[in-house]
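Here is my note on the model you sent.

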Amino acid sequence: MATSNYSLKVNRELLDPGFESYRLSLDAIPTYGVELDAAVEEVKLKDTHYTLEHMRAFGMYNYLHLDPWYEDSVLFVDCKGRVLGLTVTLDTALGQPVEFYRITANSSQSEHRLCASLSLTSATWAALSDGAGRLYLLRTGKRGDSSHTKWEPLFSEDTGEPFTVLHSVSHVQEGVHTMEVLLLRIQKDPQEAKGSGYSVALEWITVANTAGHGPEKKYEVKKRRVLRGKSVPHYAAVEPLGKGLMVASEKPFAFTHVDGRPVEPPHPEPMEVEKTDPIYFWQQTEEDVTVCVRMPEGVTKEEVQFRLSADRIRLGVQGFPSILEGQLHSNVDPDASAWIIKDNKSLEVTLQKRSEGPLWSELVTGDKRGEYVMSDEQAALIHERLTFLTSEDLDGDPDGNKPPCNSQELEDCDGFPEDGSSLTHFDGESLEPTQVVNLGSHQYLFTVDVNPSEMPYFCLRHDVDALVWRPRPDQPSDMWEHVATFNALGYVQASKRDKKFATCAPNFSYASLGECLRRAFIYRQPAAVETVLFNRKQGRQVGQVAKQQVASLDSDEPILGFRATNERLYVLTSGRLFVLKVLRIIVPLCGPTTAHFKLPGRGCLFVGLEEKQTQIVKDPPPCF
């Protein structure tokens with residue numbers, strides 16, 4: 001695994017440490033539905049798809065696709081192999097989905113086929129997988145509105161193994177139209193003897209049109225790159241110009257093949273360490289620090305240049321650059337410190353610590369040219385403190401009452417993972433990771449398309465909140481930008497045991513969680529209260545209220561697709577497509593008492609209100 005060399009920088013201005021609650025709203029969400037004339041093409045996992053990775057990749061697949069180029073346009077594939085689309089302009093007058101393309105019947109008869117997958121490459125192109133191993137690149141024309149244009153396949157290839165399309169982009173450079181497509185496979189791996197016997201492969205295919213002067217140019221595969229890992233990636237996307245790739249996963253990925261040829265792992269170059277003699281030695285006690293600096297022989301005290309303040313030191317010889325200069329590790333008392341020349345060739349400085357007790361880890365911050373000399377007493381004390389780490393006795397605490405730890409009794413959940421979750425950016429030319437972020441405890445929540453000209457954004461859990469990050473591959477020094485926060489959503493979503501999908505609006509006005517059956521939860525950003533509202537218990541005025549709504553669908557079929565736009569939430573089942581109109585909510589004056597949960601470090605998170613709130617108006621309207 002590549003070493004982490006980057007960290008995500010949280011924008012503190014987008015955090016709200018005073019956030020307390022989501023208030024449960026009983027306002028009805030207008031819900032409309034369309035009956036489908038054919039069921040959605042849901043492919044059940046087979047007996048051979050028994051691993052957790054199969055479930056993550058195919059069992060939790062989102063069958064509904066949102067068109068980021070055309071607002072409120074969604075697409076899906078039904079059991080007849082038809083690619084159907086619906087564009088909503090008026091919720092009360094929903095039409096029937098329109099057929100744009102039909103997959104050949106032979107593809108649907110494959111025994112090992114997966115679910116058909118779709119990726120909208122650009123405003124006029126799309127990438128389609130039939131689930132049986134064939135990839136289509138389709139010229140769609142302008143979609144959306146009332147467009148009924150049939151899609152035209154300009155590239156088709158049988159790859160031999162089933163896959164799903166994760167992401168695709170389209171770009172034009174020097175008159176050459178190029179499409180980058182990212183495919184996901186789970187394959188048998190004979191080298192995976194200890195685990196499930198499967199490995200995860202990402203294939204990055206570059207397809208471009210050939211040079212020609214005719215009206216129709218032929219599209220061919222220009223390059224194939226394969227990455228392998230041991231876990232299904234949470235996030236995988238190609239840069240808009242195809243210059244790089246970003247992958248977020250629990251286990252690391254690495255390029256293994258390019259155009260069918262194995263990629264040789266780089267041989268680490270031996271690190272050359274330049275051995276230089278230290279220019280000073282230093283030791284310390286709990287009260288003071290003693291520094292011995294080498295000086296040119298014959299130096300007099302008049303030639304010594306010594307300046308000392310509470311936190312900085314400068315030491316040198318007249319006519320020469322400073323020997324030691326910088327900020328001290330901790331503050332000292334300049335009046336109680338002194339220096340003396342010893343043997344006409346060294347200078348001994350005694351620094352009196354301002355705070356007795358703590359030992360310094362270095363003399364001058366960032367200066368590695370010195371050598372720390374430990375006294376015999378300090379060495380003996382450290383050896384005594386670390387004896388238990390090298391003891392042959394299983395009982396590391398002989399004086400305690402706790403039994404010794406037996407590693408054979410540990411379960412899998414008690415072990416530390418071999419590789420931590422990471423977010424990696426790969427360079428498209430060298431195929432080497434350039435930036436690696438150790439995600440650690442930052443749970444991956446969801447991906448959202450905000451701007452079709454940019455890479456998809458992603459949402460991570462930070463403490464109890466959910467933070468949305470914007471990839472910026474053109475800014476290597478600040479590649480991921482924190483752009484939005486959903487207060488306490490990380491904590492809330494962890495309590496939804498039946499959660500299957502999560503998403504948010506492209507303008508970050510709300511986030512939504514979808515369960516396996518029937519229910520969808522909407523969590524809105526805090527909005528200003530139009531009237532004066534006081535919290536009786538705390539005696540303070542409430543300026544903003546964050547609303548929670550729950551929608552229960554009139555269907556017993558499992559939810560297969562879940563997408564959000566700024567105005568609507570789309571939910572797909574096998575037989576119906578539901579459209580939930582997400583309206584601006586008027587804050588009610590009072591609400592019912594509901595359960596609350598303890599937030600670590602934040603007090604209580606109320607789902608609803610634990611205590612009533614009072615509104616001060618001349619003519620208060622009735623409470624519901």
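**Notes on the predicted model**

1. Strands count as paired if DSSP finds at least two bridges between them. Between β21 and strand β22 (residues 312-317), which run antiparallel, there are five bridges.

2. Residues are numbered from 1 along each chain as its sequence is written, and side-chain values use heavy atoms, with hydrogens and water left out.

3. The overall make-up. The protein has three helices and 43 strands. These are DSSP runs numbered from the N terminus: helices are H or I with at least four residues, strands are E with at least two. Of its 624 residues, 45% count as buried. Buried means under 20% relative accessible area, exposed over 50%, and partly exposed in between (1.4 Å probe, protein chains only). Areas come from the Shrake-Rupley method with a 1.4 Å probe; for residues, only the protein chains shown count as cover. Among contacts with a separation of 6 or more, 57% involve residues 24 or more positions apart. A contact means heavy atoms within 4.5 Å.

4. The hairpin. Strands β11 and β12 form a hairpin with two residues between them. Nine bridges join β11 (residues 164-173) to β12 (residues 176-188), and the two run antiparallel. H167 has L182 as its bridge partner in β12. In the turn, E174 has a positive phi of about 55°.

5. Most residues other than glycine have a negative phi. F508 has a phi near 65°. It sits in the loop between β33 (499-504) and β34 (510-515). F508 counts as buried, because its relative accessibility is 15%. R518 has a positive phi of about 70°. It lies in the loop between β34 and β35 (519-524). R518 is partly exposed, at 29% relative accessible area.

6. Salt bridges. The whole structure holds 30 of them. The criterion is a side-chain nitrogen of Lys or Arg within 4 Å of a carboxyl oxygen of Asp or Glu. R568 and D91 meet in one, at 2.6 Å from N to O. R568 lies in strand β39 (residues 568-573) and D91 in the loop between β5 (82-87) and β6 (98-102), so the pair ties together parts that are 477 residues apart in sequence. Both R568 and D91 are buried. They also belong to a network of salt bridges that links D72, D91, E567, R568 and K581.

7. E454 pairs with R470, the closest N and O atoms being 2.9 Å apart. E454 lies in the loop between β29 and β30 and R470 in strand β31 (residues 465-471), so this pair ties together parts 16 residues apart in sequence. E454 is partly exposed at 22% relative accessible area, and R470 is partly exposed at 25%. N451 is also placed in the loop between β29 (444-448) and β30 (457-462). N451 and P68 are 383 residues apart in sequence, yet 7.2 Å apart in space, C-alpha to C-alpha.

8. A surface patch. L52, M55 and M60 form a nonpolar patch with about 260 Å² of accessible area together. Patch residues have over 30% relative accessible area and no salt bridge; like charges are joined within 9 Å, and nonpolar side chains (Val, Leu, Ile, Met, Phe, Trp, Tyr) within 5 Å. L52 is found in helix α1 (residues 52-59). L52 counts as exposed, because its relative accessible area is 51%.

Conventions
This is a predicted model: local features need pLDDT of at least 70, side-chain atom pairs count only at pLDDT 80 or more; totals for chains, interfaces and linings use all residues.
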